[in-house]
Amino acid sequence: MAGHNPWPDEGNTGHIWDEDLRELDNPPPLWWMLSFYAGFIMIIFYTLYYPTIPLTNNSGEFTKGLTGWTAIEEYNEDFQVLKDWRVAKFADKEEQLAAMSVADILKDDDLRQYAVATSKVLFGDYCAACHGAGGAGNPSFPVLADDDWLWGGNIAQIEASIKNGRIGNMPAKGMMGNLTDEEIDSVTDYVIALSEGKANDASFAAGKAVYAKGMCLACHGPMGKPLAPAGAANLTDQVWRFSSDRQTIRNVIAHGVNVKKNGEYIEGTRQAIMPAFKERLPNADVNVKRLAVYTHQLGGGQ
Ligand code: HEC
Ligand code: HEC
């Protein structure tokens, strides 16, 4: 290969393949050399300018660079710019939310949609733990995405539920607390019959009498449907606040809901408390309204 070089004067290295493929010995072009040296200069520049070299003492420290620049600071600054932009962009709408009543917000399509769109994260952070994602409910926590309301489903009632909280009260063993075990059994059967639309069957007459004796109707209405929303459950539908099995229903009747004695819950009573959010929510003046509008459109707002 090297012994025979048919092109001795062209400055090749003497390496020839496939008879005529030669390696030449030209200097690189000037532009290439300049970029090459510029690269070295940039390395020195970057090393001095930016945080670069980890220190060897395992402290997690590194050289800080001449300006103290860090990526996280730049990110935070950019993020702040974005936040400021959003605040400025939506300032009008936020002011309107603060100034208007929930009823008026509901009538204003644009504002209503804005309130709903900006509620999702808030609902996830403050409500979903109890009420489930999208208000789908959880055992012992009411569904918000249906039209079965304990405390009323118009926008003002929903707002009041969120703002001031709600505590349902049901006495144990009837209004006077004087129902016997037997009576509790028969009224339990009557309540189940109510939910199945069979309450008028003669076989539930005894339970019906207990329903009257225990004054259940004062809260649950004469036919198992509360006359006005004041926290009592509708007993005529298949929506159960706690559970649909007979034992749970009987327990509610026997031990009541949120029944306290000497400041302590009695054994077996159901605890059902909706906390007041006027102090828990950041920026509560606006956020309670926002969430009321959001909850109202989940499914059953009236
Ligand atoms: C710690 C659990 C908990 C959290 C958190 C919670 N709730 Fe409730 N909420 C309840 C309970 C329990 C009830 C039912 C009260 C009752 O039985 O009387 C309730 C009732 C309600 C009601 C009334 C429902 C009806 O049928 O009338 C609304 C509206 C409501 N919650 C909205 C919200 C919103 C919006 C949030 C978030 C800001 C929220 N809740 C956060 C537990 C919670
Ligand atoms: C002072 C009002 C009051 C009286 C009286 C009352 N209840 Fe209730 N009842 C309530 C409230 C409030 C709830 C709980 C609603 C909630 O927190 O979800 C409730 C819940 C229930 C439940 C559970 C419903 C469900 O969906 O899981 C049953 C069953 C029930 N009551 C039956 C009765 C019977 C039977 C009587 C009479 C012996 C009675 N209640 C008397 C207020 C009352």
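**Notebook: around ligand 1**

I started with the ligand. In this predicted model, ligand 1 has 24 residues around it, and the closest are Cys127, Cys130, His131, Leu150 and Met274.

Next I asked myself what kinds of residues make up that shell. I got 17 nonpolar, five polar and two charged.

An N or O atom in the side chain of histidine 131 sits 2.7 Å from a nitrogen atom of ligand 1.

Which elements supply at least two residues of the shell each? I wrote down helix 6 (128-131), helix 7 (155-164), strand 6 (273-274) and helix 12 (284-296). Helix 7 gives the largest share, with three residues.

Last, I checked the record. UniProt, in an unreviewed entry, puts "domain: Cytochrome c" at residues 114-195 and again at 202-297. I took the two spans in turn. Residues 114-195 are 49% helix and 2% strand, and I found their end C-alpha atoms 39 Å apart. For residues 202-297 I have 38% helix and 6% strand, with 42 Å between the end C-alpha atoms.

Terms used: Residues are numbered from 1 along each chain as its sequence is written. Chains are lettered from A and ligands numbered from 1 in the order in which they are written. This is a predicted model: local features need pLDDT of at least 70, side-chain atom pairs count only at pLDDT 80 or more; totals for chains, interfaces and linings use all residues. Side-chain values use heavy atoms; hydrogens and water are left out. UniProt positions are given in the numbering used here, feature names are shortened, and annotations may be inferred rather than shown by experiment. Helices (H or I, at least four residues) and strands (E, at least two) are DSSP runs, numbered from the N terminus. A residue is near a molecule or strand if one of its heavy atoms lies within 4 Å of it. A polar contact is a pair of N or O atoms within 3.5 Å; within protein, one must be able to donate a hydrogen and the other to accept it, and residues adjacent in sequence count only if both atoms are side-chain atoms. Ala, Val, Leu, Ile, Met, Phe, Trp, Tyr, Cys and Pro count as nonpolar, Asp, Glu, Lys and Arg as charged, and the others, Gly among them, as polar.
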